[in-house]
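Please look over this model with me.

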Amino acid sequence: MSNLSDNLKSFRNGIKLFKESFEQQAIDRMYDCATHIILYAISKKTWSGFTGNAETSFTVGIYKDGALLQYVNGEMVEDRKALMKKIKYGKKVYLNNPFEGPPRAVKGKVETSNEFATQTSIDFLKNFRAQKKGLSMVVVIGVEYFAFLEYNGIGALTRAYNKTTPLLNKIVFKQIKI
């Protein structure tokens with residue numbers, strides 16, 4: 001009887017290890033996919049970044065059972081930081097060396113928080129209520145101005161979202177080794 005009990009215990013331990021390994025591989029592939037989503041969003045943007053807040057704050061959070069496990073953002077992927085905090089509504093700023101493009105002035109078009117956009121994205125992900133069971137991904141950008149851009153048809157975030165399912169199918173589901 002003890003031999004059967006030992007076998008059952010070993011079998012259950014093996015199943016547990018398999019599930020943990022499989023889940024970790026899924027999380028690793030989701031992280032790869034998140035990196036690709038951010039690179040895709042940045043590559044498909046149709047504007048020249050001024051402060052760098054939009055580009056650096058494209059962020060994807062990976063959740064397990066409702067808890068944020070990890071995130072990756074444009075700052076991490078491109079190894080570049082925004083030049084300054086988000087520009088307040090009505091404030092005009094001139095930069096000789098903007099994040100991208102020629103020297104120019106920009107006037108704030110929307111109300112913003114007084115912080116770097118990457119922090120806005122991370123704070124959002126930390127407070128977001130993801131699904132309570134299983135793995136999930138959330139794509140955000142920490143720039144209030146982006147709602148203005150999306151409204152005016154300049155939707156890199158929408159395009160990145162639309163690219164998510166094909167990327168998941170290509171990266172996550174085809175690379176998990178059993």
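The numbered points below start with confidence and then turn to the rings.

1. This is a predicted model: local features need pLDDT of at least 70, side-chain atom pairs count only at pLDDT 80 or more, and totals for chains, interfaces and linings use all residues. Residues are numbered from 1 along each chain as its sequence is written, and side-chain values use heavy atoms, leaving out hydrogens and water.

2. The mean pLDDT of the chain is 83, and 80% of the residues score at least 70. Helices (H or I, at least four residues) and strands (E, at least two) are DSSP runs, numbered from the N terminus.

3. Which residues are linked into a cluster by ring pairs? They are Tyr63, Phe124 and Phe128. Rings of Phe, Tyr and Trp (its six-membered ring) pair if their centres lie within 6.5 Å; planes under 30 degrees apart are stacked, over 60 edge-to-face, the rest tilted.

4. Tyr63 and Phe128 are tilted, 5.9 Å centre to centre, with 55 degrees between the planes. Tyr63 lies in strand β1 (residues 59–64) and Phe128 in the loop between α4 (117–127) and β5 (135–140), so the pair ties together parts 65 residues apart in sequence. Phe124 and Phe128 are also tilted, at 5.6 Å and 35 degrees.

5. Tyr63 is buried, at 1% relative accessibility. Phe128 is partly exposed at 31%, and Phe124 is partly exposed at 42%. (Buried means under 20% relative accessible area, exposed over 50%, partly exposed in between; 1.4 Å probe, protein chains only.)

Notes
pLDDT is the predictor's confidence in each residue, from 0 to 100.
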